[in-house]
Amino acid sequence: MDDMRAALYDRYGPPEVLYVGKVPVPALQQGQVLVRVHAASVNGGELHGRAGRVRLVTGRAFPQRTGLDFAGEVAEVDPAITGLRPGDRVWGVLPRTFGSAAEYVAVRPRNLSYAPENIGLVEAASLPVGTTAITALRAKARLKAGERLLVRGAAGGVGSMAVQLGKVMGAHVTALAGSKNLGFVRDLGADEAHSYATTGPSDLGRFDVIMDTVGTEHRAFRRLLAPGGRMVSIAFDHIAASLGYLLASTVHGPGRVRFFSGNPQHDLLAELAGHVESGAIRPVVDTVHPLSGIADAHRALEAGGVRGKHVIQVV
């Protein structure tokens, strides 16, 4: 194994800069597992990276890679690692880097777990983002049974997981989504579903927890928090302005807005697999694209109106 196919881009720009090229197969380092990727999904952070909106982090060295999460089979294991063997079905998330839209990835065992046994690997690739929802609702917002949860962007990749997990955790879930997706989010378990087109912040009641995957109107939605309420955001619209507001919210009294980016490890991935195998969480795949269709997948996610995840099938 010398070279492999991978999604690449040689400059920042629109989805059209993406192409499939050849790069070396990752050399297995001490303490690593080489995974043959069956599928990966497209996440919002990758759109920002490709467009050059976070170039202070991504830098100016090209070609650059895309893809964050993956599902596949173990191809090779460092002999010092126990519990994993070639052929094992696994899923995971790269540790704060891109590159899973490729035929192989090399990761440490803490960044993956066994994939759910009751679904295929292409479906499984839509789900690691669910660890972001687990972290947001449990660790950051400390959602409790019986509390009122509002999910903004409820039909998207993280939002659709947050709706399902909110019900698992015993919350009363209100979903905000596009008009065409109201029935869809109700099917996921939402107790109430409202359209952005007809429902603004002033039309909603009070909530104990707000899960924001949209990244706009932080101030307006923060006002909907009940006493002791918590708001968690995983998205920024205008990064500098949003950062300024979030920092200010940490100073001015209750209702602090918490922002985080996920970096899930083994335990969270294993927990999510358990939810899937029990039937409490189901995969939500909008469209499956071939690796050669990576630009189409980025374009579709940018266009909005997504239901769940756009998945890149590599194998």
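These are my notebook entries on one predicted model, taken element by element.

**Entry 1: the whole chain**

I began with the overall picture. The chain's secondary structure comes to 10 helices and 16 strands. Along the principal axes, the C-alpha atoms fill a box of roughly 60 × 40 × 40 Å.

Next came burial and surface. Of the 315 residues, 53% are buried. The accessible surface is about 13,600 Å², and carbon and sulfur atoms hold 51% of that. I also checked contact range: among contacts with a separation of 6 or more, 69% are between residues 24 or more positions apart.

**Entry 2: strand β1**

Which strands pair with β1? I found β2 (residues 18-24), joined to β1 by seven bridges and running antiparallel. I also found β4 (residues 64-65), which pairs with β1 in the antiparallel sense over two bridges. For reference I noted one bridge partner on each side. Met-4 is partnered with Val-23 in β2, while Leu-8 is partnered with Arg-65 in β4.

Is β1 enclosed or open? Five of the seven residues in β1 (residues 3-9) are buried, so the strand is largely enclosed by the rest of the structure.

The peptide bond joining Phe-62 and Pro-63 is cis, with omega about 0 degrees. I kept a reminder here that most peptide bonds are trans.

**Entry 3: helix α5**

I checked the length of α5 (residues 157-168) next. Its 12 residues reach 17 Å from the first C-alpha to the last, close to the 16 Å expected at 1.5 Å a residue.

How many of its residues are buried? I get 10 of the 12, so α5 is largely enclosed by the rest of the structure. The buried residues include Gly-157, Gly-159, Met-161, Val-163 and Leu-165. After the helix comes Gly-170, which has a positive phi, near 85 degrees.

Most residues other than glycine have a negative phi, so I went looking for exceptions. I wrote down two entries.

- Arg-142 has a phi near 55 degrees. This residue is in the loop between α4 (130-140) and β9 (148-152). Its relative accessibility is 57%, so Arg-142 counts as exposed, the cut-off being over 50%.
- Glu-217 also has a phi near 55 degrees. Its loop lies between β12 (207-212) and α7 (218-222). With a relative accessible area of 46%, Glu-217 is partly exposed.

**Entry 4: His-194**

I finished with a single residue. Where is His-194? I located it in strand β11 (residues 192-195). Its relative accessible area is 24%, so His-194 is partly exposed.

What does its side chain do? The His-194 side chain makes a polar contact with the side chain of Glu-192, at 3.3 Å. Beyond its neighbours within four places in sequence, His-194 is in contact with Thr-174, Ala-175, Leu-176, Ala-177, Leu-182, Thr-199 and Leu-204.

His-194 and Asp-69 are 125 residues apart in sequence, and their C-alpha atoms are 30 Å apart in space.

Conventions: Residues are numbered from 1 along each chain as its sequence is written. This is a predicted model: local features need pLDDT of at least 70, side-chain atom pairs count only at pLDDT 80 or more; totals for chains, interfaces and linings use all residues. Side-chain values use heavy atoms; hydrogens and water are left out. Helices (H or I, at least four residues) and strands (E, at least two) are DSSP runs, numbered from the N terminus. Buried means under 20% relative accessible area, exposed over 50%, partly exposed in between (1.4 Å probe, protein chains only). Contact means heavy atoms within 4.5 Å. A polar contact is a pair of N or O atoms within 3.5 Å; within protein, one must be able to donate a hydrogen and the other to accept it, and residues adjacent in sequence count only if both atoms are side-chain atoms. Two strands pair if DSSP finds at least two bridges between them. Accessible areas come from the Shrake-Rupley method with a 1.4 Å probe; for residues, only the protein chains shown count as cover. The expected span of a helix is 1.5 Å times one less than its number of residues.
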